[in-house]
Amino acid sequence: METLIRTEELTKRFPRVVANDAISLDVRYGEIHCLLGENGAGKSTFSECLYGAYQPTAGRIFFMGQQVQISSPADAIALGIGMVHQHFVLVPPLTVIENIIAGTSSLSQLVDYRRAEEEILQLCDQYGVELDLYAKIRQLSVGEQQWVEILKALYVKAKLLILDEPTAVLTPQESDKLFDVLQEMTREGLGILFITHKLKEVMRVSDRVSVLRKGKLVATVDTASTTKEELTKMMVGREIVFNVEKETIPSVEPVLEISDLRAMGDREQEALKGVSLTLHKGEILALAGVAGNGQKELYEVLMGVRSASSGKVLLQGEDITNKPTSYIMSRGVGHIPGDRLNEGLITEFSVAENLILGEQRSKSYSSGPLLDFKKIKEIARSQISKFDIVTPSEDTSSGTLSGGNQQKVILAREFQRCSLCLLANQPTRGLDIGVIEYVHRQLLSKRAEGIGILLASDDLDEILDLADRIVVIYDGRIIGILDASDAKIEEIGLLMAGVEETDP
Amino acid sequence: MIGVDEKVTKLTFKFQRRTEPSRLGQALAVPVALVAALAVSSILIRAAGANVAEALEAMYLGAFGSQNALLETLVQATPLIFTGLAVTVAFRARIWNIGAEGQLVAGAITAYWASVTFSGLPSIALIPTVLFFATVGGALWGIIPGYLKVRFEADEIIVTVLLNYVIQYLLSYLLSGPWRDPNAFFIQTRLLPEAATLPILFSKSRLHLGFVIALTVAFVAYVLLWKTSLGYEIRALGYRPNVARHKGINVAKTIVLVMAISGAIAGLAGGTELFGIHPRLRLDAMHGFGFTGILVALLGRLHPGGVVLAAILFGALVNGSSRMQIVTGVPVALVYAIQSIVILFLMAADGLSRFQLRKR
Amino acid sequence: MMSDLLQATFVVGVLAGMFRVATPVLFAALGELITERSGVLNLGVEGCMLVGGFVGFLVAILSGSLWAGVAASMAGGAVMGILVAFMSTTLKVEQIVTGLSLNLFASGITFYWYRVVFRSDEITNIPTITPFRPIEIPFLSEIPYLGELLFSQYALTYLALLLVPVIWFLLYRTKQGLHLRCLGENPRALDMRGVNVTRLQYLAVVFGCMMAGLGGGFLTTVSVGLFIPGITAGRGWLAIVIVIAGNWKPQQILAAALIFGFLESLQLNLRGLGQELPYQIFLALPYIVAIAILIRGRMRSEAPLSLGVPYLRE
């Protein structure tokens with residue numbers, strides 16, 4: 001197979017970090033080449049350089065044999081490089097067809113919707129994709145939106161398709177369909193650069209894999225001749241123990257009982273359609289499901305941020321349905337939010353100020369209307385050392401901390417607060433393996449203390465490692481409950497896609 | 001045009017965005033803005049056909065040249081301290097209260113009403129009563145947009161601006177109707193009761209008790225914002241309203257409370273200004289303090305200490321400009337242009353401090 | 001009095017006045033629509049109108065040509081637009097503060113310049129120009145009632161009304177319009193397709209402010225024939241409300257603008273009748289109605305998703 005795109009010593013420096021360090025790799029026509037690495041290894045930056053969103057600080061790029069300068073996405077598109085971003089760049093109020101044709105060079109001043117429609121339908125037929133071209137993006141499911149992103153690249157006749165973590169929001173079945181289509185594309189000569197941090201996918205679908213670690217290319221190998229363990233070692237630089245030991249067993253005493261909870265979502269539709277589950281003391285109950293099936297709303301209702309239209313939530317027997325957030329927090333419920341910058345941390349505040357967030361009126365931190373700065377400082381200092389938070393001082397603005405340390409601030413605060421149960425929503429998203437290990441250990445130690453943990457995660461491996469039981473949420477309901485010890489990924493995957501066991 | 005991603009300009013330099021604004025840049029922003037505004041003023045003065053040095057000197061002398069001048073500068077600064085503080089408290093919560101102008105008028109209206117209704121009281125009781133009602137009036141006019149924002153998500157910027165106009169018409173109605181001085185030709189009230197007039201601090205000047213009250217309010221505002229839990233919540237709301245909500249801060253209550261406080265301070269501006277230097281309540285006498293207060297708050301970096309300094313600077317400009325007009329003929333209106341030019345340059349300087357020049 | 005109100009002449013007078021009064025706000029609102037569709041929240045509409053009105057008046061007096069004044073008012077607005085775009089798009093300063101400061105700047109600088117150029121007192125010697133006269137369309141303008149209502153309006157009024165379908169077409173049927181709609185909702189989507197996002201935003205903002213300037217120019221060259229500092233009296237803010245009330249769609253913006261025009265025209269015509277309610281109520285009415293609109297307006301708002309959020313490629 002011939003080389004489609006090749007980089008020589010591609011380097012990208014930012015003010016404080018070298019994101020890509022002299023990376024030389026290539027993608028061939030008709031191959032699926034995976035780019036593997038932890039969060040922060042430089043995979044996205046590399047692909048943005050190929051796509052012209054960033055300009056490399058040094059190095060050369062060769063496309064179809066010629067050296068090229070890609071100074072903007074327009075250049076990349078003109079060459080034939082298409083990209084499907086990790087976070088979609090779609091325009092929700094506009095239709096599928098408008099999203100696909102916007103910004104393309106073949107677009108005339110007076111938009112010819114009919115011709116565009118023909119061309120796009122042809123592409124859809126070719127790859128077996130079914131979409132209503134005149135539906136608005138916000139009416140589509142996440143999986144369908146993914147297809148729109150792919151069509152955008154195909155519509156401009158991409159020869160190289162870069163996909164950045166495309167399966168993050170797909171069910172296992174949807175991912176399979178994606179892989180089938182990708183393989184069909186390679187048969188037609190397209191080259192595919194597939195960015196991921198999931199080993200299973202690499203082994204399943206790629207021809208070759210390049211591993212990045214801390215900005216450097218560790219190696220490029222043929223997938224057929226390597227193993228998951230070898231790849232992990234390359235990714236992380238050391239052996240990772242995959243199995244986690246659990247010391248205790250959960251109690252039978254319930255700490256959180258949710259019955260038939262219903263709530264409206266942001267868009268005047270019902271987001272929770274009768275959720276029922278029970279969380280026990282000393283148990284990790286994992287909530288599996290594709291993002292957008294009600295997890296966010298469930299956590300918000302449990303924390304009192306969103307109102308429940310009906311149903312009940314009992315905390316150790318006490319009815320806390322629709323009670324104010326401050327009350328729920330004071331009863332010993334901790335919350336690690338899914339979106340740390342938007343829900344958990346005020347970056348303009350100092351570390352100490354963030355550590356008291358939510359308790360600024362409590363007796364521990366204030367006397368009367370005034371804040372007690374001495375006490376706040378004391379407790380902040382002890383938290384920082386206990387959780388090993390890397391920061392110049394407790395008065396440093398928390399916006400300057402790394403993602404992992406920011407998460408530690410949140411953990412420190414919530415662990416301190418949660419005396420009964422902990423609601424953890426994607427607590428390890430976007431973190432390095434080292435920090436992920438740390439968080440897992442902390443969660444397990446809280447579990448051993450008898451605290452019930454409701455853990456939502458889109459990482460099935462993490463779920464299988466940590467959970468005692470697994471519930472799957474789909475379309476606002478709990479669609480299945482499994483014991484972790486004998487759960488299989490396929491089973492979970494089917495449930496996540498809405499296929500219940502009673503279906504024929 | 002300067003592109004702000006990594007587009008290359010025609011030179012061998014490019015502008016690149018920093019991850020955080022440069023500290024040096026932010027510290028220099030105020031002096032740079034002042035100097036730039038000075039330069040522009042010089043151009044405007046030349047355009048009016050006057051001698052720049054002469055005009056600036058006249059302005060300086062008019063503002064600081066004698067004890068009387070200085071005291072009068074402080075008189076001009078007093079309402080601006082109040083409105084600047086009112087805006088500061090609201091802006092810290094990211095509530096864009098553009099209605100200080102109207103809340104000030106509301107305070108003046110209720111203060112006048114109180115002075116007439118309780119006119120029998122001696123000074124020592126009447127003055128606090130009048131000022132109390134000034135804060136109440138301003139607070140009420142501030143609570144309206146606060147409540148509308150919370151209940152209906154009505155944008156407070158537009159609502160407060162519209163309410164400014166509405167209360168002007170209300171004042172006009174009161175002055176031409178029920179409160180009209182039957183003996184006067186102009187639309188205004190009778191003379192204000194002597195007993196409600198604020199005491200003068202230095203004889204032969206106009207500097208009145210309102211100045212001291214303003215400084216006190218500045219101190220209270222500082223304590224409120226940085227030393228209390230409420231202030232913590234206000235700032236949290238201003239930085240990350242979503243996070244504040246998730247952590248149990250009662251956003252709705254805080255919004256209404258902030259608007260009440262902000263309106264109250266602005267109302268106090270109206271009350272102290274009316275009973276400090278005005279003989280009667282008239283239609284356009286206190287025009288502009290609310291809007292200038294916004295500029296003062298921005299120049300003061302939303303910090304009470306800075307607000308006091310900025311207010312004094314702007315008061316100096318206003319005070320000095322009348323002498324400048326007498327001596328050189330440059331219209332007093334220059335001052336209103338300068339005040340906003342300072343802020344525009346300040347914002348531009350702040351914006352620029354987010355960039356750095358790098359060799360390609 | 002009721003019989004007075006229902007007299008045909010009164011009704012026609014009010015309705016005819018409605019178009020004329022709505023014209024400046026309509027220009028400004030259509031301009032602001034384009035600006036906001038590009039993602040920039042320009043609160044300096046009032047200032048742009050003021051600058052446009054002043055510059056238009058100045059040029060009209062100095063050159064003797066009203067149309068030169070109109071062109072100048074657009075130029076004045078455009079210059080303000082460049083300022084707005086520079087602060088919002090390039091420097092990415094907080095858009096709300098930018099707009100407010102520009103309003104204050106506009107009122108200060110026009111006031112100052114007026115004093116410098118005309119050196120007049122407030123009471124005597126107010127400079128004036130002979131304003132535009134309405135165009136009387138032959139034959140049609142002689143139809144009873146309808147003639148006065150529809151066929152005897154000012155040229156600029158007709159232009160404003162014509163602009164509504166033009167802008168609709170631009171937004172929904174052309175490539176630039178499609179890009180504009182994408183820009184306000186998700187600028188990153190356009191940037192990642194290689195469209196020059198910065199340039200498009202500049203164009204939209206300058207156009208919007210130019211329209212606001214034109215609206216101000218209409219005020220000074222048509223309705224009033226003179227310039228008073230503060231002549232815009234909150235119309236710029238009404239234009240912003242009209243965009244919200246019109247849910248960011250040209251046809252509905254026209255409807256909202258006409259409603260405000262109607263209210264003000266009603267107030268102007270009522271004064272002549274001499275009735276008992278304090279006239280201030282009618283003056284305040286448009287503003288109160290605007291507040292009422294805002295109260296109801298948030299349901300299913302179609303505000304551009306990225307409105308007021310500066311775009312960074314990062």
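Residues are numbered from 1 along each chain as its sequence is written, while chains are lettered from A and ligands numbered from 1 in the order in which they are written. What you're looking at is a predicted model, where local features need pLDDT of at least 70, side-chain atom pairs count only at pLDDT 80 or more, and totals for chains, interfaces and linings use all residues.

The pLDDT is the predictor's confidence in each residue, from 0 to 100. Chain B averages 89 on that scale, with 94% of the residues scoring at least 70. Residues 1-12 of chain B are another story: the pLDDT there is below 50, although this stretch has 18 contacts in the model beyond near neighbours in sequence. Where pLDDT is low, the predicted coordinates should not be read in detail. As for the word "contact", two residues count if their C-beta atoms, placed from the backbone, lie within 7 Å.

Helices here (H or I, at least four residues) and strands (E, at least two) are DSSP runs, numbered from the N terminus. The expected span of a helix is 1.5 Å times one less than its number of residues. For the 30 residues of α5(B) that should come to 44 Å, and the end C-alpha atoms are 43 Å apart, which agrees. Just after α5(B) comes E153(B), with a positive phi of about 55°. That is a positive value in a residue other than glycine.

K92(C) also has a phi near 55°, again positive in a residue other than glycine. K92(C) lies in the loop between α4 (66-90) and α5 (95-118) of chain C.

How covered are such residues? A residue is buried if 20 or more other C-beta atoms lie within 10 Å of its own, exposed if 12 or fewer, and partly exposed in between, with C-beta atoms placed from the backbone.

| Residue | C-beta atoms within 10 Å | Class |
|---|---|---|
| E153(B) | 14 neighbours | partly exposed |
| K92(C) | 17 neighbours | partly exposed |

Q145(A) lies in helix α5 (residues 142-155) of chain A. Leaving aside neighbours within four places in sequence, Q145(A) is in contact with F88(A), L90(A), I137(A) and L140(A). V89(A) is 56 residues away from Q145(A) in sequence, yet their C-alpha atoms are 9.8 Å apart in space.

Chain A is divided into domain 1 (3-236), domain 2 (254-332 + 418-493) and domain 3 (339-400), with bounds that come from an automatic or database domain assignment. The centres of domains 1 and 2 of chain A, taken over C-alpha atoms, are 33 Å apart. Between these two domains, 10 residues of domain 1 are in contact with 10 residues of domain 2.

**Where the chains meet**

Chain B puts 46 residues in contact with 38 residues of chain C. On the chain B side, α1 (23-47), α5 (123-152), α6 (156-176), α11 (289-299) and α13 (334-352) each supply at least two residues. Of these, α13(B) gives the most, with 13 residues. By class, this side of chain B has 35 nonpolar, 6 polar and 5 charged residues. For that count, Ala, Val, Leu, Ile, Met, Phe, Trp, Tyr, Cys and Pro are nonpolar, Asp, Glu, Lys and Arg are charged, and the others, Gly among them, are polar.

Chain C also meets chain A, with 20 residues of chain C in contact with 21 residues of chain A. On the chain C side, α8 (175-185) and α9 (187-191) each supply at least two residues, and α8(C) gives the most, with 6. That side of chain C divides into 7 nonpolar, 4 polar and 9 charged residues.

**A covered helix**

Helix α8 (residues 229-239) of chain B is mostly covered, with 9 of its 11 residues buried. Among them are Y232(B), I234(B) and L237(B). The cover over the buried residues of α8(B) includes β18 (366-367) and β19 (370-371) of chain A, along with α3 (67-92), α7 (209-227), α9 (241-246) and α10 (251-277) of chain B.
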